Amino acid sequence: LIAELIGYSSINYEATTRQNALENLIAFQLIDNAVLKNLINATTNHIWQFSKFGRDNIRKLLKNQEMRVAFERILIDLNEKEQFQLNRLLKE
């Protein structure tokens, strides 16, 4: 079920479905690299509310040193737009 929920947070679904999945994954602390990548991808979405949701949640997660390290570790796996967004948030 966890893998299915992570799947719902991917780019294969529309923003509302993705946001609901990400909210639940974060609430239950089911955060792995796939969830982090999907959350970062949300920041590049054309729907501003979903993009803001992604940025706000990344900011919260970055307060935890382990999460910061996890974000820094996956930085090289991201596309250019995602790297730009994450670097901007890491520097805040």
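Gln 29 sits in the loop that links helix 2 (15–27) to helix 3 (33–42). Helices here are DSSP runs of H or I with at least four residues, numbered from the N terminus. The model is predicted, so local features need pLDDT of at least 70 and side-chain atom pairs count only at pLDDT 80 or more, whereas totals for chains, interfaces and linings use all residues. Residues are numbered from 1 along each chain as its sequence is written, and side-chain values use heavy atoms, with hydrogens and water left out.

The backbone of Gln 29 shows a positive phi of about 55°, although the residue is not a glycine. Gln 29 is exposed, at a relative accessible area of 68%. Exposed means over 50% relative accessible area, buried under 20%, and partly exposed in between (1.4 Å probe, protein chains only).

A search of the whole structure returned two aromatic pairs. Rings of Phe, Tyr and Trp (its six-membered ring) pair if their centres lie within 6.5 Å; planes under 30 degrees apart are stacked, over 60 edge-to-face, and the rest tilted. Tyr 8 is partly exposed, at 30% relative accessibility. Tyr 13 is also partly exposed, at 37%.

Phe 50 and Phe 53 form a stacked pair. Their centres are 6.1 Å apart, with 10° between the planes. Both residues belong to helix 4 (residues 48–62). They are three residues apart, about one turn of the helix. Phe 50 and Phe 53 are both buried.

Terms used: Helix = DSSP H or I, 4+ residues; strand = E, 2+ residues; numbered from the N terminus.
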